[in-house]
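Here is a short briefing to read alongside the model. Have the sequence and the coordinates open, and let's take a look together.

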Amino acid sequence: MSWDDLRFFLELARCSRLTTAARRLGVEHTTVARRVQAFEAATGVPFFLRTSTGYRLTEAGDALLPAAMAMEQAYGVVERSCGARTNDLTGLVRIGCNEAYGAMILPRHVAALTKRHPGLNIDILALPRAIQLPRHEADIVITIDRPKRGPYTVVKLAEYVLRLYASPDYLASRPAIAGRDDLRNHAFVSYIDDLALAKNVPSPNAITQPELTPVRSTSILAQRTAAEAGAGIVILPRYIGAASPALREVLAHEVEFVRTYWMTTPMNLKGVRRVRATWDFLRDMAAKEAPLLSGASL
């Protein structure tokens, strides 16, 4: 058994699909299949079940996974101690992220990272559901709720500010808003309560009892578009709301929410060079963009 055998085993275990594992490793999917089959034949143990939805670990595969991850981390330590060049990064890193950061901030960061490292590929998973680290759906996740305890490395990525926004047409057609008490006479665009992706998402109910919520969506960008079209008042990160020429701030210095983006990765992946380099780069970029996230530069 060699580290190379375990490397192919690990990538397929993480993503369950030959094509995705192949992208991570920079090889053809037939190579992954052949290497895994050879590994199983050499050990005499089936580590995967082939199903219609991909590859699933057998009991033997589950037992091997923690040891393989520990070996990967140890290999990363050896690689760094030998002075491996950071500009040789290759392979795939998958980043799970909430929609706002994943659509408006993260793409610029990963574009800069892949220009620096042409052999690196980044997948951004801005999905309308929570990204599951225990299921190996992503290597790094950025969330609003602080992750629960587990075998993870967690850092505070950045704080950001949210405020109220509405279109000029909407504001002109409804009673004037001079203070919080006036908000109860207005419509709000908001999330669907039972489908909200995070517990820490600000809700109109935190500041008033809205007259009605004519439009609700799991997508914050859909909420922004509905507010731009005059559907009501919406709570948006200031880096999204203030950037829209079709929206105006409402009670700008009276109603404000401050929230945090958290970044998490499994502890065993911090030894993987492409993951560590991506992690460090995202932290550095978030620090540089602190004024944008807080709204100070808008």
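Where is P175 found? P175 is found in the loop between α7 (168-173) and β7 (187-190). This is a predicted model, in which local features need pLDDT of at least 70 and side-chain atom pairs count only at pLDDT 80 or more, while totals for chains, interfaces and linings use all residues. Residues are numbered from 1 along each chain as its sequence is written, and side-chain values use heavy atoms, with hydrogens and water left out.

**The chain as a whole**

- The protein chain has 11 helices and 11 strands; helices (H or I, at least four residues) and strands (E, at least two) are DSSP runs, numbered from the N terminus.
- Its C-alpha atoms fill a box of roughly 75 × 40 × 30 Å along the principal axes.
- Of the 298 residues in the protein chain, 49% count as buried; buried means under 20% relative accessible area, exposed over 50%, and partly exposed in between, with a 1.4 Å probe and protein chains only.
- Take the contacts (heavy atoms within 4.5 Å) between residues at least 6 apart in sequence: 76% of them join residues at least 24 apart.

**Surface and charge**

- The accessible surface of the protein chain comes to about 14,400 Å², and 52% of this belongs to carbon and sulfur atoms. Accessible areas come from the Shrake-Rupley method with a 1.4 Å probe, and for residues only the protein chains shown count as cover.
- The protein chain has 37 positive and 29 negative side chains, with the centres of the two sets 3 Å apart. Lys and Arg count as positive and Asp and Glu as negative, while His and the chain ends are not counted; the place of a charge is NZ of Lys, CZ of Arg, CG of Asp or CD of Glu.

**Cavities**

- A search of the whole structure finds two cavities of 30 Å³ or more. A cavity here is a set of points, on a 1 Å grid over the protein atoms alone, where a 1.4 Å probe fits but cannot get out; grid points are joined across faces, edges and corners, and a volume is the space filled by probe spheres set on the points.
- The second largest cavity holds about 30 Å³ of space. Its lining residues, which have an atom within 4 Å of a point, are V189, S190, Y191, P202, P204, Q223 and I235.

- A158 is found in strand β6 (residues 152-166) and counts as buried because its relative accessibility is 8%.
- Leaving aside neighbours within four places in sequence, A158 is in contact with R259, T260, Y261, A286 and L293. The C-alpha atoms of A158 and I177, 19 residues apart along the chain, are separated by 31 Å.
- P266 is found in strand β11 and is buried, at 10% relative accessibility. P266 and V154 are 112 residues apart in sequence and 8.8 Å apart in space, C-alpha to C-alpha.
- L251 is found in the loop between β10 (248-250) and β11 (257-266), and is buried with a relative accessible area of 13%. Phi of L251 is near 50 degrees, a positive value in a residue other than glycine. Most residues other than glycine have a negative phi.

**Partly exposed positions**

- E99 is found in helix α5 (residues 99-104) and counts as partly exposed at 24% relative accessibility.
- Not counting residues up to four places away in sequence, E99 touches T218, S219, I220 and L221. E99 and V27 are 72 residues apart in sequence and 30 Å apart in space, C-alpha to C-alpha.
- P175 counts as partly exposed, at 44% relative accessibility. The C-alpha atoms of P175 and H186, 11 residues apart along the chain, are separated by 7.9 Å.

Notes: On a 1 Å grid over the protein atoms alone, a cavity is a set of points where a 1.4 Å probe fits but cannot get out, and a pocket is an open set with protein on both sides within 12 Å along at least five of seven lines; lining residues have an atom within 4 Å of a point.
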